[in-house]
Structures are given as C-alpha cells and as structure tokens.
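Me: I have a chain open and want to talk it through. Can you take my questions one at a time?

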Amino acid sequence: MLLQSTITCPQCAAAKSETMPTDACQFFYECTGCGTKLKPKSGDCCVFCSYGSVPCPPIQAVRSGEPDAASCCA
C-alpha cells in the first residue's frame with residue numbers, strides 16, 4: 001500500500017507530496033502555493049482521491065481486493 005501521494009492544486013498547479021492517513025479520509029487540504037482550501041469532488045471521499053496521484057489507503061485496499069476492506073466512500 002502506498003502512503004505518499006502528490007496533491008496538485010487545480011487553481012495554481014502547485015504540487016506537494018503528502019503522507020496520507022491510514023485510518024481516515026482527509027476532507028480538506030490547504031494548498032501551499034495559493035492557499036486555496038481544497039475539498040473532495042462530488043463522488044470522491046477525500047482530497048487524495050480527487051487531487052492526488054494515489055488514492056487514499058481505504059480505496060487502495062478495496063481496489064486490491066483485501067478481505068474485510070471497508071471503503072470510506074460507501
């Protein structure tokens with residue numbers, strides 16, 4: 001499971017590598033470039049699923065078919 005994801009701001013295109021939480025989804029992220037407060041796009045559970053290079057750990061677990069994986073988007 002990957003725990004690093006690069007978030008890219010849709011406003012200014014600033015990109016920063018961040019460590020994702022393994023036990024929860026992150027709903028907000030403040031861009032370090034322009035200060036825009038990012039929130040998930042409709043249908044996504046967190047900012048990593050919307051703007052990151054790698055989806056959040058719960059989604060990775062569901063996609064890999066891990067037994068007892070719970071989707072935070074469900």
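**Contacts and overall layout**

Reply: Start with K41. Setting aside neighbours within four places in sequence, K41 is in contact with S50 and Y51. Keep in mind that this is a predicted model.

Me: Where does K41 sit in the chain?
Reply: K41 is in the loop between strand 4 (37-38) and helix 1.

Me: How far apart are the C-alpha atoms of K41 and Q60?
Reply: They are separated by 18 Å. Along the chain, K41 and Q60 are 19 residues apart.

Me: Back to S50. Where is the place of S50?
Reply: In helix 1, which covers residues 47-51.

Me: What does the side chain of S50 reach at 2.8 Å?
Reply: The backbone nitrogen of K41. The S50 side chain also makes a polar contact of 2.7 Å with the side chain of D44.

Me: Which residues is S50 in contact with, leaving aside neighbours within four places in sequence?
Reply: P40, K41 and D44.

Me: And is S50 buried or exposed?
Reply: S50 counts as buried, because its relative accessibility is 12%.

Me: Zoom out. How many helices and strands are there in the chain?
Reply: Two helices and four strands. Along the sequence the pattern reads β-β-β-β-α-α. The radius of gyration is 12 Å, close to the 11 Å from the globule rule for 74 residues, so the chain is as compact as a globular protein of that length.

Me: What box do the C-alpha atoms fill?
Reply: Roughly 40 × 20 × 15 Å, taken along the principal axes.

Me: What share of the residues is buried?
Reply: Buried residues make up 30% of the 74. The accessible surface comes to about 4500 Å², and 50% of that belongs to carbon and sulfur atoms.

Me: And contacts between residues at least 6 apart in sequence: what share join residues at least 24 apart?
Reply: 35% of them.

Me: Charges next. How far apart are the mean positions of the positive and negative charges?
Reply: 11 Å, with 5 positive and 6 negative charges in the chain.

Me: What joins the side chains of E18 and Y29?
Reply: A polar contact of 2.8 Å. Beyond neighbours within four places in sequence, E18 is in contact with L3, Q4, S5, Y29 and F48.

Me: Switching to backbone angles. What is the phi of A13?
Reply: Positive, about 70 degrees, although A13 is not a glycine. A13 lies in the loop between strand 1 (4-8) and strand 2.

Me: Is A13 buried or exposed?
Reply: A13 counts as exposed, because its relative accessibility is 56%.

Me: Last one, C25. Where is C25 found?
Reply: In the loop between strand 2 and strand 3 (29-30). C25 counts as buried, at 14% relative accessibility.

Me: How far apart are the C-alpha atoms of C25 and I59?
Reply: They are separated by 9.7 Å, with C25 and I59 34 residues apart along the chain.

Terms used:
Residues numbered from 1 in each chain as written. Predicted model: local features only at pLDDT ≥ 70, side-chain atom pairs only at ≥ 80, totals over all residues. Heavy atoms only, no water. Rg over C-alpha atoms; globule rule 2.2 N^0.38 Å. Buried < 20%, exposed > 50% of the residue type's maximum accessible area, 1.4 Å probe, protein only. Contact = heavy atoms within 4.5 Å. Areas by Shrake-Rupley, 256 points an atom, 1.4 Å probe, with all protein chains shown as cover. Lys, Arg positive; Asp, Glu negative; His and termini not counted. Charge placed at Lys NZ, Arg CZ, Asp CG, Glu CD. Polar contact = N/O pair within 3.5 Å; in protein donor to acceptor, adjacent residues only side chain to side chain.
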